[in-house]
Amino acid sequence: MADFVPEDPSGQYGISVLPCVLGALISVALIRSGLLAFFFLIPLGVVAASYNRRTAWAAALAAVGINLVISLGLSVIAGFDFGVFALDIFYFALMIAVFVWTLAPPASGPDFLRIRTAYRLVIASAAGALMFLGIAYVSEQNNSGFTAMLRSQAEMLSSLYIASAGTDAVQQSYLEQQLTPDKIMAVMNFVALRGGALVSSMMMFYINRRLACSFAVLIRHIPPKPGLRDFHAPAQLIWVLSFSILGVLLAQVLKSSILGIAAWNMLIICAMVYLAQGGGIVQYYIARRNFSHFMRLMFNVLIILLIFSPGINALALGAVILLGIAENWAPLRTPKPNGPPSTPAA
């Protein structure tokens with residue numbers, strides 16, 4: 001995956017003020033919209049894809065500043081506890097910072113800030129997941145509104161599943177005993193610690209990134225970046241995947257929660273990287289056909305709808321992951337520039 005930032009032939013790298021301000025305002029509006037909050041990173045991604053590093057980071061700082069002012073104002077005017085808003089402010093700032101870093105890493109500076117895009121995406125996703133889990137933990141200890149929101153979601157899921165039993169009194173009684181809000185929250189916590197939070201964070205970054213790139217192509221007529229089409233997973237990742245599966249099995253035998261959490265998160269990282277490789281294979285064959293920019297945007301939207309379609313998504317994503325793993329042994333695209341396929345030694 002290539003960086004988003006376009007080259008600036010003038011070498012001036014000046015800040016485009018209007019796009020910077022508009023991107024920041026739209027981002028803050030989206031994060032506070034409720035329904036569309038998931039897409040709050042898209043405006044900043046469009047700015048990063050359409051302009052330069054300085055404009056991208058200026059838009060990020062402006063968004064953080066605007067959100068800070070709004071949060072302070074609400075905490076003073078409405079008399080809310082500022083501690084709750086502090087978590088919101090820090091989460092917003094962290095997510096924007098790591099997202100813009102994945103798109104527009106510094107042109108100079110320490111090498112670790114300019115690592116491969118896929119690695120930046122993994123690190124950013126891990127940071128977002130840790131931040132989410134930290135907020136959940138602090139909120140649970142303080143019994144804040146965030147915990148109440150999670151409980152309301154659990155109660156809604158419980159009522160939906162119980163209602164699905166219809167008029168069957170026996171099944172309804174069984175579901176009422178097994179699918180209590182407390183048990184659902186325990187399952188949510190279990191899944192979140194074992195890769196659920198990491199997957200959510202990574203999918204949010206990737207979807208916002210892809211849509212931002214598509215909108216930049218349509219609005220600003222920016223040449224599309226190679227994206228996943230030329231992405232290849234590191235050759236050694238197949239061994240990490242193997243050891244993470246072994247770690248999951250070993251954690252079950254030893255009944256070790258810490259080992260299980262670590263192994264599951266490592267397994268999820270490997271699966272997501274191979275999902276990216278499998279997606280690259282799909283995009284490679286799509287790119288061989290002469291589709292318009294609009295049709296490519298529709299493909300991206302279709303993929304996102306597929307991801308959020310229960311049942312179908314698990315089968316489709318599993319197939320794409322297996323496709324990505326298969327490329328370790330079968331060159332499904334053009335040969336890699338660095339040598340032969342990443343085949344583990346026999």
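Biologist: Hello! What kind of model is this, and how are its residues numbered?

Modeller: This is a predicted model, where local features need pLDDT of at least 70, side-chain atom pairs count only at pLDDT 80 or more, and totals for chains, interfaces and linings use all residues. Side-chain values use heavy atoms, with hydrogens and water left out, and residues are numbered along each chain as its sequence is written, from 1.

Biologist: How many helices and how many strands does the protein chain have?

Modeller: Helices (H or I, at least four residues) and strands (E, at least two) are DSSP runs, numbered from the N terminus. From that end on, the elements run α-α-α-α-α-α-α-α-α-α-α-α. The totals are 12 helices and zero strands.

Biologist: What share of the protein chain's residues is buried?

Modeller: Buried means under 20% relative accessible area, exposed over 50%, and partly exposed in between, with a 1.4 Å probe and protein chains only. The chain has 346 residues, and the buried share of them is 41%.

Biologist: Which residues of helix α2 are buried?

Modeller: Helix α2 covers residues 42–50, and nine of its nine residues are buried, so this helix is largely enclosed by the rest of the structure. By name, they are I42, P43, L44, G45, V46, V47, A48, A49 and S50.

Biologist: Which residues does S125 touch, leaving aside those up to four places away in sequence?

Modeller: Look for S125 in helix α5, residues 117–142. S125 is buried, at a relative accessible area of 0%. Contact means heavy atoms within 4.5 Å. With that rule, S125 touches L198, S201, M202 and F205.

Biologist: F205 also has an aromatic pair with F99; is that pair stacked or edge-to-face?

Modeller: Rings of Phe, Tyr and Trp (its six-membered ring) pair if their centres lie within 6.5 Å; planes under 30 degrees apart count as stacked, over 60 as edge-to-face and the rest as tilted. That rule gives three aromatic pairs. For F99 and F205, the centres are 6.0 Å apart and the planes are at 10°, so this pair is stacked.

Biologist: How many residues apart are F99 and F205?

Modeller: F99 is buried at 1% relative accessibility, and F205 is buried at 0%. The pair links distant parts of the chain, with F99 in helix α4 (residues 82–103) and F205 in helix α8 (residues 181–220), and the separation is 106 residues.

Biologist: How many disulfides does the structure hold?

Modeller: A disulfide is a pair of cysteine sulfur atoms within 2.5 Å. C20 is buried at 7% relative accessibility, and C213 is buried at 8%. The number of disulfides is zero.

Biologist: What is the phi of K255?

Modeller: Most residues other than glycine have a negative phi. K255 sits in the loop between α9 (237–254) and α10 (257–287), and K255 is exposed at 70% relative accessibility. Its phi is positive, near 55°.

Biologist: Which helix gives the most to the nonpolar patch?

Modeller: The patch on the surface is formed by F215, L218, I219, F294, M295, M298 and V301, with about 580 Å² of accessible area together. Both α8 and α11 (293–307) supply at least two residues each. V301 is in helix α11 and is partly exposed at 31% relative accessibility. With four residues, the top contributor is α11.

How values were computed
Patch = residues over 30% accessible without salt bridge, like charges linked within 9 Å, V, L, I, M, F, W, Y side chains within 5 Å. Areas by Shrake-Rupley, 256 points an atom, 1.4 Å probe, with all protein chains shown as cover. Salt bridge = Lys/Arg side-chain N within 4 Å of Asp/Glu carboxyl O.
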